[in-house]
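Trainee: Could you walk me through this model and show me how to read its features?
Mentor: Gladly; have a look at it with me.

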Amino acid sequence: MSYRAPERLVGRDAELQIVASVFDGWTTSNANSVTERALLVLAEAGVGKTALLNTAADAAASSGALILRAEGVEFEADVSFSGLNQALLPLLKDFSRLDRLHRDALSSVLGLASGPVPDRLVVSNAVLSLLQHAAEDRPVLVVIDDVPWLDRSSADILGFVARRLTGGRVGLLAASRPGPGNIFDGLPLLHLDPLSPDAANDLLRMRFPMLAAGARRRMLDEAQGNPLALLELPAALSGRQRIATQSLPPVLALGERLQAVFETRVSGLTDAARELLLLAVLEGARTLDVLQHATGDSDLGGLDCAESAGLVRIGENPQQLVFRHPLARSAIVGVSTRGQRRRAHQRLAEVLSDHPERRAWHLAEAATGPDEEVAALLEQSARRILGRGDPVLAVQRLSRAAELSPGPADRSRRLTEAAFVSANLAGGLDDVSRLLVEATQAGAGRQQMLQAATTAAFLLLMTDGDVDTAVRLLQTAIDSCGTSLDATDDSLVAAIYLLSLMCGFGRRAELYDGLFRVLDRMVPEAPDDLYLLSRIVPDPVRTAAAVLPQLEAALAELTDEAPSWRFRKLAMAAAFTDRLSEHRPLFWRFVEEARSRGAVTVVVALLLHICLDDIHSGRWDELDELTNECLLLCETRGLGLYVPVFQHRRAMLAAARGDENAVKELAQVMTRWAVPRRAEVILDYAHHALALCAIGRLDFEDAYRHAIAVSPPGTLPPYCHEAPGLCLDLVEAAVRTGRRAEAEAHVSAIFAADIAGLSNRLSLLAHGAAALAAEEDASAICLFEQAVGLPGADRWPFELARVQLAFGERLRRVHAAERARGQLATALATFEKLRALPWIDRAANELRATGRARSACGAEALTPQEQEIAALAAEGLTNKQIGERLFLSHRTVSTHLYRIFPKLGIATRGALRDALLGSDDT
């Protein structure tokens, strides 16, 4: 029997290996062994000593060892032999193996029999002898936790035993905090450090998978690798704080176990030291000059005992106070009273007159009732915070400002703005209804009514409302602002932007007519971002080309400091014109920043467009990951409006990769959502995904039916931004079903609208469609050459590979086999990289039909593992049987076969034997 390695403890693989090395081989007695079978684990509180001991003990028990446990307990520290009693109680039946002297000595000290107090050396030898006798039957591991609280008598004896465990089948594993006077000094040591940043992050993700990114970073910063803190701090947060719909407090609350860890040191300080530390905690900068001004104490002598207690130190900058562990700050707040905290905030506000944001917050925390001056300062602070891109904190400040507002009008205004920011930026929909109700009860003016209507319309669409109702609600609120609409009014601009989004979901002329009338009434004129969106998104075919230079200039000038509204508008305009890829790093930086600040609505809105770019640019694995993340965010935050759009992104990916069941399921869900809400664009999305899926499985009749549901042949409907991207699908489906006239009519409409001028992706699709529709082979080949040779065509790998496939098919049919092979092989390589399975089969079959599939992509092109899998499959083994033979999962086997088939120029398992034999012949 050997020592079984412990189960994995997050971040402790190296330490567990050290434990294993001490006890490995202990199950066979070896008189010549000099391996020490004892180990003392040293670590600060909360670092995981007990978890390490328990994991090691479980591993030893599973290896057949007997585990004897003792734990130091503070209130038993003066009870002689209490620890020894805990450890040896399971061995009572083995007392009979001892000689009389040792048996009587042990029975006496453990209280099992009366008698004179035995000599300590006799007892120590008795314990060692008892353990050795027990180990004759099976290995014995003594596990001692919290050594400092072990009674002295037990510690002396167990220390004696530990130092004599060399070789043999008895081991001892103990844990203690660092410090002088440890009775187990001299044993081999294992210093247990805090978890590494990566391990700490892994632990948080495992135990709190829904924790928002910003909250996770805060937990990591505060815990500094302490596992107890990593588990306790998130547990103490509210649900809304965990998912970042509510800001975290400046000082985190500690759970009972954490409070006990740090409170002992704090409670031993003088009153002056605790007062100084409380001021330092509440004033986040913790600069000594602020503390000196707040206390009037120039030398801050009260800090001396705090330094001696190991709570603080003076930083590298002599004017800064540094807490040795962030959780000490929470303990300091935890032992203070509400009155002490209020007075500390007031004193700090008095010395921070040059720091308006910090002063406003301290005044708010010190306030005991309504105070308009403080409320106004908080409101101004919220605006600055919002400008820095932190909507969650801005909502918190606005809500507190509303609480401190003496007048109902001011209270209503601040609550309405908080609701608006929460809905449109922070994604905190749970709070929106409550804030709106409170704002209405307080009485709202015209400006607040507009913000309230905007927020209510947003909330309506995020839940069960329909597009038309939301548009009417917004249109009415905007119309109430008069005939001339102030283009500098941020609330009004936000309302019109939301109106444009809603019109986009409805994509009907009557909705857009109302939007255009609103834009015409803006004075002096509509802001640039709104104007760009109004020309690009509603009807890109007819109006986008004229503003492309303006869009490109705006994108070139975009910087990290731009407000979130500008990023959202330009991201949409760029995605609809295939220009987002060029600026991805900038948009990604903004997404990460928004994530860190809890701006969930901003994150989701931007990722909508990044995911669309992922589809076209071939970043399909990233697309899969992002849509999963965003659908989960939408579900947890109630952002229902965005769900069908992300489902469209997933459906397009599933269609390209041949997952027909997923496409049909997603299309059904999208349709069920869209029909009652009259969200026509979502229906377009569903039809497009179904059309692409049908082409992949060569069902061109079904593909044609879905394509013309969006864009009738020969027509690019107004206000239908999905129609240009569907042109290749529609034309291919028409040609393959014998509808050449319809195909030619659609090509004529494509070039009449000049969609090729909107982007090089649409140019690729337009020229590819024209080549497919061309009846004359020479014209078709010329058009195909133009298409695949377009500058920038390789930025759109899937679309380019589709055109190359069609080109290769045409070349093969005119007996230009050599040229066909080049196009088909290139297309096949792209499809394989993208894992576009239906297209892999189609390209491989065409390549094989050119007559040189085997020599170009025969068995010699297979890797050794692929050759082995192919040979077994050719023998008739199933994927599961192959996997069992080669120690692979059946899914891995399936993936390999999808790669093998195109290399051999085949499409079925039945052709494997001939393909492999044919390759051997050559």
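Predicted model: local features only at pLDDT ≥ 70, side-chain atom pairs only at ≥ 80, totals over all residues.

Trainee: What percentage of the residues count as buried?
Mentor: Of the 922 residues, 56% do. Buried means under 20% relative accessible area, exposed over 50%, and partly exposed in between, with a 1.4 Å probe and protein chains only. As for contacts (heavy atoms within 4.5 Å), residues 24 or more positions apart account for 68% of those with a separation of 6 or more.

Trainee: How should I read the side chains of a strand?
Mentor: In a regular strand they alternate between the two faces of the sheet. In strand 1 (residues 38-42), Ala 38, Leu 40 and Leu 42 point one way, while Leu 39 and Val 41 point the other way. Five of the five residues of strand 1 are buried, so this strand is largely enclosed by the rest of the structure.

Trainee: Which strands pair with strand 1?
Mentor: Two strands pair if DSSP finds at least two bridges between them. Strand 4 (residues 170-176) runs parallel to strand 1 and is joined to it by five bridges, with Val 41 opposite Ala 175. Strand 5 (residues 189-191) also pairs with strand 1 in the parallel sense, over three bridges; there, Leu 42 has His 191 as its bridge partner.

Trainee: And how is a pair of packed helices described?
Mentor: By the angle between their axes and the distance between the axes. Helix 30 (residues 584-596) and helix 31 (residues 600-617) pack at about 150°, with axes 9 Å apart. That makes helix 30 roughly antiparallel to helix 31, a term for angles over 145 degrees. The axes are lines fitted to C-alpha atoms over the stretch in contact, and angles run from 0 to 180 degrees between N-to-C directions.

Trainee: Which residues make the contact between helix 30 and helix 31?
Mentor: Among them are Phe 587, Trp 588 and Val 591 of helix 30 and Leu 606, Leu 607 and Ile 610 of helix 31. By class, the contact has 10 nonpolar, no polar and four charged residues. Here Ala, Val, Leu, Ile, Met, Phe, Trp, Tyr, Cys and Pro count as nonpolar, Asp, Glu, Lys and Arg as charged, and the others, Gly among them, as polar.

Trainee: Which backbone details deserve a look?
Mentor: Most residues other than glycine have a negative phi, and most peptide bonds are trans. Tyr 719, in the loop between helix 36 (700-710) and helix 37 (727-736), has a positive phi of about 60°. At 16% relative accessibility, Tyr 719 counts as buried. Asp 754 has a phi near 55°, and at 46% relative accessibility Asp 754 counts as partly exposed. Gln 224, which follows helix 8 (residues 213-223), has a positive phi near 50°.

Trainee: Where is the cis peptide bond?
Mentor: The bond from Val 523 to Pro 524 is cis, with omega near 0°. Pro 524 is found in the loop between strand 9 (522-523) and helix 26 (528-536).

Methods. Residues numbered from 1 in each chain as written. Heavy atoms only, no water. Helix = DSSP H or I, 4+ residues; strand = E, 2+ residues; numbered from the N terminus. Parallel < 35°, antiparallel > 145°, perpendicular 65-115°, else oblique.
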